[in-house]
Amino acid sequence: RVLGSNDFPMSGDIAAIGHNSLNATGHVGIVFYNGRTISQSAITNRVSISSWGFNPGDATVFRRYTGY
């Protein structure tokens with residue numbers, strides 16, 4: 001389900017943002033803990049933990065798996 005404005009993202013939730021670039025239509029990450037996500041950078045080709053998705057102005061949509 002898509003998290004609402006009263007929900008706080010928890011570990012395991014998916015963070016997604018749409019944007020157009022040369023070779024992608026967006027970016028996704030997995031919420032790790034306390035306002036941090038883990039995702040792979042197409043620029044550095046490395047997995048990193050950062051505040052991506054939680055920064056002011058990000059149009060991030062958070063989703064939570066709730067079962068079948």
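**Why these labels? A chat about the model**

Trainee: What makes Asn34 exposed?

Mentor: Asn34 has a relative accessible area of 71%, and exposed means over 50%, buried under 20% and partly exposed in between (1.4 Å probe, protein chains only), so Asn34 counts as exposed. A word on the source: this is a predicted model, in which local features need pLDDT of at least 70 and side-chain atom pairs count only at pLDDT 80 or more, while totals for chains, interfaces and linings use all residues. Residues are numbered from 1 along each chain as its sequence is written, and side-chain values use heavy atoms, with hydrogens and water left out.

Trainee: What is the phi of Asn34?

Mentor: Phi there is near 35°, a positive value in a residue other than glycine. Most residues other than glycine have a negative phi.

Trainee: Why does Asn45 count as exposed?

Mentor: Its relative accessibility is 59%, so Asn45 falls in the exposed class. Asn45 also has a positive phi, near 60°.

Trainee: How many aromatic pairs does the structure hold?

Mentor: Two. One of them joins Phe54 and Phe62.

Trainee: Why is the pair of Phe54 and Phe62 called tilted?

Mentor: Rings of Phe, Tyr and Trp (its six-membered ring) pair if their centres lie within 6.5 Å; planes under 30 degrees apart are stacked, over 60 edge-to-face, and the rest tilted. Here the centres are 5.1 Å apart and the planes make 40°, so the pair is tilted.
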